[in-house]
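Let's take a friendly walk through a protein model, one piece at a time. Have the sequence and the 3D view ready as you read.

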Amino acid sequence: MNAVLLLVGLLVLSYLGSFLVTGRTVRGAGLPSGVEYVALGFVLGPRVLDLVGGDMLASFEPVVQVALGWLAFAVGLDFGYAGDKRVRGGSLAIGTMGSLITGGAVGVAVWFALPRLQPNLAPSDRLLLAGGIGAACSETTRHAVRWVVERMNARGPLADRLNEIAHTDDLLPLLTIAILFALSPTPDVHVREPLRDWPLITIGIGLLLGAGASLLVRSDLRLDETWAVLFGVTLIAIGTTARLAISTLTASFFLGIAMAALSRHGAELRAMVAPTERPVLLPALLLAGAHLDFVASPKLPWIAAVAIVARLAGKVVVGWLLYVSSKPARRAGPLVGLSLMSSGALAISIGLAFALRFPGPIGDTVLVVAAVSATFGEFVGPARLRRSLQAAGEIDNGAAQSPPPARVTA
Amino acid sequence: MTAVASPASRGFVHHVTHVVLLVAFTALIFYVTRAVPEVHGTLWTIASIGFLLVAGTLTSEILAPLGLPHLTGYLIAGIAAGPHMLRLVDEHTVKSMSPVNTLSLALIALSGGAELDLSALKQGAKSLAWAMVIQCVLVVIVLTGVFVAARPLLPFARALPVTQVIAVGLLWGALGVTRSPSATLGILSQTRAHGPLARFTLGFVMVSDIVVVVLIATVLGCTRPLLDPSAAFSAQAFVQLGHELFGSIALGTTLGLVIAVYLRVVNRQMLVVLLVLGFGVSTVLDYLQFDALLTFMVAGFIVRNMSNQGHRFIEYIEQTGTVVYVVFFATAGADLDVPLLRLMWPVALLMAGSRAGVTWLGSVVAGRIAKDSPVIRKWGWSGLVSQAGLALGLSVVIAKDFPSFGPAFRSLAVATIALNEMIGPILFKLALDRSGETSHVAVPSLSSLRPPPLDH
């Protein structure tokens, strides 16, 4: 396929995706995680139809990096906010702890399973693989909770709490990949910094660029100049981190956090950026699908199974903590944590970032496990969430018969 | 009581902040390019575009108190970041930005066409027609004369016989007729100027795009036998030209109608549609060997004048304004051959000065004949000095067609165009400011944006 045709195809996909943002045309279409686009990408990719070949994927790496960076920026800008409200401290604590417990459970499980599944794996690769899978499996997609909440017209404290948790569990996985990327420096980088400094440099680049951009937008630039600054600093973050071989996702995420925190126009910036998220996401998911290689490792199914079981266990523990600490959650029962099983955009973005940074079995395995985990989450998360909300008495059964339009962002 | 900063001190603080941020962003990119020096991949193109966006915006804001146009800031940022100064953006990266430039050019041309109002064009038709004829004739004749007179200063022309010098001079003269639609639109986008001068300049520059293409083809056809004795006059070039012109106009008309229907029926996500058109249609045009500038210009013109969607369309395109112009002009700045300009600046200055002079003379003469309004008679020439992509493209064609003197001819052209590219926008903005056409209406900023409820 011609590169321009593919680019135009991706733009058309963005166009269709943008309709899903407001949902006027395609009411309620699409899955919360967007795995259907990953599947489409896989079918079009080099392993099946080969319409998007390996060379083409390589030439589209910049497009993927930009998409991932922009998504992480949007997630950072929105971090700690659910809609136009700041999330409560308790939700932030549970969200952060939840991602630590889930990601930690998955990482530890994979770490201990790997010597049996892949005995010849080098210790550094074992750490990368376990850490990468842990990071990719730790989050709950922000979209999933809203997807169910809006379809079922759910309103109540549990729906709010779960929505807030889903909005606050992105920090740890992105910190983890900053550390993991630093563990494997590339020979191109001439600066010799201690390994411990690279994650700080990654975060520092994001925070510094975000602080600079906040100062800039403070000076009342025109709207189109504000767009130029937003694009500009994000592209600088993406390009510099890619050149230094550190985590683009982490730097862009912290760029967004810094802008939201330091700019007095945080709400306006979120309103500007939010509609761009879905149109950027769909092409990224499609290209992620095209990168999937299910035979990257002979024991890949087992690794994926271990990761998913550990993720289930982790979410159960998180749910139990929620059950113990939150009154509304008690009515939903101790398995309320399974409501948070859906993963999506960020998980697949982490997997794709790994696949690009560590081409070969390590990166490919992380990406495949992220995609499989997101697919599995589709079967468990929304259904369990619906049951939890019903148990909590937060679903209007009359409205649930006729779902409202899904007004979604990833 | 809370102390409130005065607008002046707030402005000063903003400017200091912009300078500090520009230094900080430059330092970051400088550090990264030195830390990882040998990476020239497309990923660095991303950072380069980002840096040019930020640096161009900041430089333009820093220079604004001097009355300089934003375009000048973008150009200076590009020159400073480019391969001949700080080397933050290397030659490979500049070349790899060409798809982004193609897209920018498509959007600029669409915007230019959409700004052309048929009724205003009809009103000013007499003025435009006289100006076009006189500018073309005078510029070609005078610049040919200047070129022939400057022969002793031009090493590549010294060895040529007189007839060939005249032929090369004619090519030089024809090149001098080219204007810069992108610079004109960039200045109009910044100043949001409305009035006879803005209308006249826009109409002239857009129409001259067609005239120049025809003129250059004619001059090339006539001079080829003089410059290459083995070549004969051939009408084939005119057949190709007809194919290019009529094909571009036909495709542009179709495209314009499609856009108008889309705006009327769907009217959503126009920016994504513009991106698809910019990349997709540009590729098709390249394959068909049609003129992209003309095609998109005609499309914009059709939307504006053959439908009632023109204003809506302009609003959409204006949203891309700064991003498109910064990328386009900062890249042009980075692409500027500074060493060549340093080497050839005396001759280039002579050529650029004589072109500006004859443009002024042509404007005065045409203004008197057409009985133009005083503002056009006084400032009509100012928007016609800029030159950019079209002239550079034609110089490449000449360099390829005449390998014996073409490369040296192109070097002179590049140096002269560089001067026109830097001086032209300053002159045009000055004229718009002095003639009172620059808009002082506040433009939407982040503060004026009332945050809508988020989609959560």
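Lys371(B) sits in the loop between helix 17 (338-370) and helix 18 (374-379) of chain B; helices (H or I, at least four residues) and strands (E, at least two) are DSSP runs, numbered from the N terminus. Its phi is near 55°, a positive value in a residue other than glycine. Lys371(B) is exposed, with 10 other C-beta atoms within 10 Å. A residue counts as buried if 20 or more other C-beta atoms lie within 10 Å of its own, exposed if 12 or fewer, and partly exposed in between, with C-beta atoms placed from the backbone.

Chain A has its own example: Asp50(A) is not a glycine, yet has a positive phi of about 60°. Look for Asp50(A) in the loop between helix 2 (35-44) and helix 3 (54-59) of chain A. Asp50(A) is partly exposed, with 13 other C-beta atoms within 10 Å.

## About the model

This is a predicted model, in which local features need pLDDT of at least 70 and side-chain atom pairs count only at pLDDT 80 or more, while totals for chains, interfaces and linings use all residues. Residues are numbered from 1 along each chain as its sequence is written, and chains are lettered from A and ligands numbered from 1 in the order in which they are written.

## Chain A and its helices

Chain A contains 18 helices and two strands. Of its 410 residues, 60% are buried. Among the contacts in chain A with a separation of 6 or more, 82% join residues 24 or more positions apart; two residues are in contact if their C-beta atoms, placed from the backbone, lie within 7 Å. In helix 2 of chain A, the buried residues are Val35(A), Tyr37(A), Val38(A), Gly41(A), Phe42(A) and Leu44(A). Their cover includes helix 13 (266-291), helix 16 and helix 17 of chain A.

How do helix 16 and helix 17 of chain A cross? The axes of helix 16 (residues 345-357) and helix 17 (residues 361-391) of chain A come within 7 Å and cross at roughly 165°; axes are lines fitted to C-alpha atoms, for helices over the stretch in contact, and angles run from 0 to 180 degrees between N-to-C directions. That makes helix 16 of chain A roughly antiparallel to helix 17 of chain A, a label for angles over 145 degrees. Residues making this contact include Ala347(A) and Ile348(A) of helix 16 of chain A, and Gly363(A) and Asp364(A) of helix 17 of chain A.

## The two domains of chain B

Chain B is divided into domain 1 (12-96) and domain 2 (100-434), with bounds that come from an automatic or database domain assignment. Taken over C-alpha atoms, the centres of these domains of chain B are separated by 27 Å. Their contact takes 23 residues from domain 1 of chain B and 26 residues from domain 2 of chain B. On the side of domain 1 of chain B that touches domain 2 of chain B, helix 3 of chain B gives the most, with ten residues.

## The largest nonpolar core

Which residues touch the most other members of the largest nonpolar core? Of its 284 residues, they are Leu71(A), Ala307(A) and Leu52(B). A nonpolar core is a set of buried Ala, Val, Leu, Ile, Met, Phe, Trp, Tyr and Cys residues joined through C-beta atoms within 7 Å. Helix 11 (residues 196-227) of chain B gives the most to this core, with 13 residues. Domain 1 (12-96) and domain 2 (100-434) of chain B both give residues to this core, so the core lies between them.

How values were computed:
Parallel < 35°, antiparallel > 145°, perpendicular 65-115°, else oblique.
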